[in-house]
Amino acid sequence: MNVLSVENVSKAFGIRELFTDLSFGIEEGQKVALVAKNGTGKSTLLHMLAGKDEPDAGRITFNKEIKWAILLQDEAFDANGTAIDFLFAADNLMTKAIRAYDVAIETGEGLQEAHDMMEHADAWDYDAKAKQILGALNIIDLNQLMGNMSGGQRRRIALARVLLEEADFLILDEPTNHLDLDMIEWLEEYLTKARMTLFMVTHDRYFLENITNEILELENGELYKYKGNFSYYLEKKAEREQLESASRDKNLNTFRREAEWARRMPRARGTKSKSRMDSFEELKDKLKRKPEEGELDLEINITRMGSKVVEFIKATKSMGDSTVMDGFDYVFKSNERIGIIGRNGCGKSTFLNLMTKRMEPDGGKIVNGETVVFGFYEQSASNLIPEQRLIECIRDVADYIPLAKGKTISASQMLEKFLFPKHMHFNRIDQLSGGERKRLQLLLVLMKNPNFLILDEPTNDLDVFTLSALEDYLLNFPGCLVIVSHDRYFLDKLVDHLFLLDGKGNVHDLLGSTLDFRAVLSEASAKRESLAEAKKQEEPAPSIKEEKKKPSGKISFKDKHEFETLEKNLPLWEEKKSQLEAELLKATDHIQMEKTALELGALSDQIDNGTMRWLELSEMM
């Protein structure tokens, strides 16, 4: 069954033509991704699907029998509304019942009426699903005003609302932006298992690889279809480009012969000659449409770095309830490449600000070498002036930029190397797409010739082609590199090891890739579950005649002593558990890893049983 039809759609902004006669359809059950370079109209197309923009020509048709929902990057919200208002904005019986029930639970009033509303609307399963989604996306305070939230928090709430609509067909624009690794993996699993149709735009290549079964590529206004995942698409795209290159070479040879004939017979007027002239003009028009240049050409000259780079000495820092680091010691080496990971709010951006002296530690000290020149690519592009022209923005830094081997390059040439063609140089910055602004911001950072490059979420809004070119450059970057990113593919390709911030003051130094790290955690979790299940099966089943002993109201000396012992031991056991978790993360030997995982599983059971007994004794007391 067809769920969406896009027929002969065209769209242009002034003289800038995005696409002409664009046509495709999506069938029920398909999971389709759209890939294209920044500025080619991906977000414009999604805005047209959402009804927020109109095509210049053609039509877009949804199947009326299916329910669909869409996530856009620029979701509108009421700054004075709460998260729960935004999440359950739909005016139906189910959402009204859930909101009434949440209010009753919070106030303690009208519980019976709210319970009856939930029963009548059959909303219990929906409420359980809502709690699962909100928990996975770390959405806790539903009464917080939307205007007081960070962009990342609002983005997660917008994603949660789309998932909660229980649509048959989801349209998602960059769904992984502002999600941490745990959230991305949860969303990946959720969308893979869900029986729904999916159409999305995303730069996350692992996401594309694991979820999609068809990829559409928009290039030079043409749409190409590939029946397969991301690796299949890359293989077939390379084959297509090779054939097109051979075809173009053949057309060039034909054009040279026809051009020679046209020069020799300029006055020919016969039918045969006119037909040949028409073919010649058609071939000339075809050759004018040059293939897109898809590579960033970066050869910035970097400042020489001395032997002393950056050193953390017993550094401590807390932000609110989170402890970023507690007595952290580390000496950065020349050409070191580190990825920083951790859950949202654990202090990754604070870590970068400490390193660049934008913040001071609460204790200890951070020493930077005299020759270190930081290049800091930040998540926010607030330093860009919307009304400024591209060429003016570059010239504010320098008219000429030094390159490697003593060469120089003009501001205009620099823009072209960063895939901004000449006709765009006098465009205003507010006319650029989100990805184009990010590319411009990266150019401004690299123009300062840094030898210590810090990238804070550089992959957000960049297309997969620009990301690939950026990776190729960074692989050959001769200075230090520190990356904060939730893009697993980007990290795995570029860094040698990872700093995991746990929000409790520990900075775990992990060798290997994000995939290795996730595999270790999954293995440890599986072992704990297996041990718990085995222990459960070993316990004898209780006799039917046995009854649970009721507390007598008096507590014996023995029970009191047990209660005091548990109260003293439980914090010690928790501390030991944290130590074992840290050892597991650092372990590289498989035998030691297995031994630690078994010990951790046994200790977790001990803590669970001890906590239950402590609660039982506390009630008796």
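Six strands make up an open sheet, in the order β5-β6-β7-β3-β8-β9. Its pairing is mixed. Two strands count as paired if DSSP finds at least two bridges between them. Helices (H or I, at least four residues) and strands (E, at least two) are DSSP runs, numbered from the N terminus. The edges are β5 (68-71) and β9 (222-226), and each of these pairs on one side only. From one strand to the next, the twist averages 15°. Axes here are lines fitted to C-alpha atoms, for helices over the stretch in contact, and angles run from 0 to 180 degrees between N-to-C directions.

The model is predicted: local features need pLDDT of at least 70, side-chain atom pairs count only at pLDDT 80 or more, and totals for chains, interfaces and linings use all residues. Residues are numbered from 1 along each chain as its sequence is written, and side-chain values use heavy atoms, with hydrogens and water left out.

Look inside the six-stranded sheet. Strand β3 (residues 31-36) and strand β7 (residues 197-201) run parallel, joined by three bridges. Lys31 has Leu198 of β7 as its bridge partner. Helix α6 (residues 151-164) packs on this sheet, touching β5 and β6 (169-173). The direction of α6 makes about 170° with that of β5. Contact means heavy atoms within 4.5 Å.

Strands of a sheet pair through backbone hydrogen bonds, either parallel or antiparallel. Strand β1 (residues 2-13) runs antiparallel to strand β2 (residues 16-27), and eight bridges join them. Phe13 is bridged to Arg16 in β2. Two residues lie between the strands of this hairpin, and Gly14 takes a positive phi near 65°.

Five bridges link β13 to strand β10 (residues 310-319) in the antiparallel sense. One of the paired residues is Phe312, whose bridge partner in β13 is Ile366.

How many of the eight residues of α11 are buried? Seven are, so α11 is largely enclosed by the rest of the structure. Buried means under 20% relative accessible area, exposed over 50%, partly exposed in between (1.4 Å probe, protein chains only). The buried residues of α11 are Lys348, Thr350, Phe351, Leu352, Asn353, Leu354 and Met355. Just after the helix, Lys357 takes a positive phi of about 65°.

Helices also pack on each other. Helix α5 (residues 124-136) meets helix α7 (residues 181-193) at an angle of about 145°, with the axes 10 Å apart. From α5, the contact uses Lys129, Gln132, Ile133 and Ala136; from α7, it uses Met183, Trp186 and Tyr190. These residues divide into five nonpolar, one polar and one charged. Ala, Val, Leu, Ile, Met, Phe, Trp, Tyr, Cys and Pro count as nonpolar, Asp, Glu, Lys and Arg as charged, and the others, Gly among them, as polar.

Now take single residues. Arg488 is found in helix α16 (residues 488-494). Is Arg488 buried or exposed? At 3% relative accessibility, Arg488 counts as buried. Beyond its neighbours within four places in sequence, Arg488 is in contact with Leu181, Ile184, Glu185, Glu188, Asp204, Tyr206, Phe207 and Thr514. Ser410 sits in strand β16 (residues 408-410). Ser410 is buried too, with a relative accessible area of 16%. Leaving out neighbours within four places, Ser410 contacts Asp399, Tyr400 and Ile401.

Cys393 is buried at a relative accessible area of 6%, and Cys480 is buried at 1%. The count of disulfides (pairs of cysteine sulfur atoms within 2.5 Å) comes to zero.

Finally, the whole chain. Its secondary structure comes to 19 helices and 20 strands. Of its 621 residues, 46% are buried. Among contacts with a separation of 6 or more, 68% come from residues 24 or more positions apart. The accessible surface is about 33,100 Å², and 49% of this belongs to carbon and sulfur atoms. Accessible areas come from the Shrake-Rupley method with a 1.4 Å probe; for residues, only the protein chains shown count as cover.
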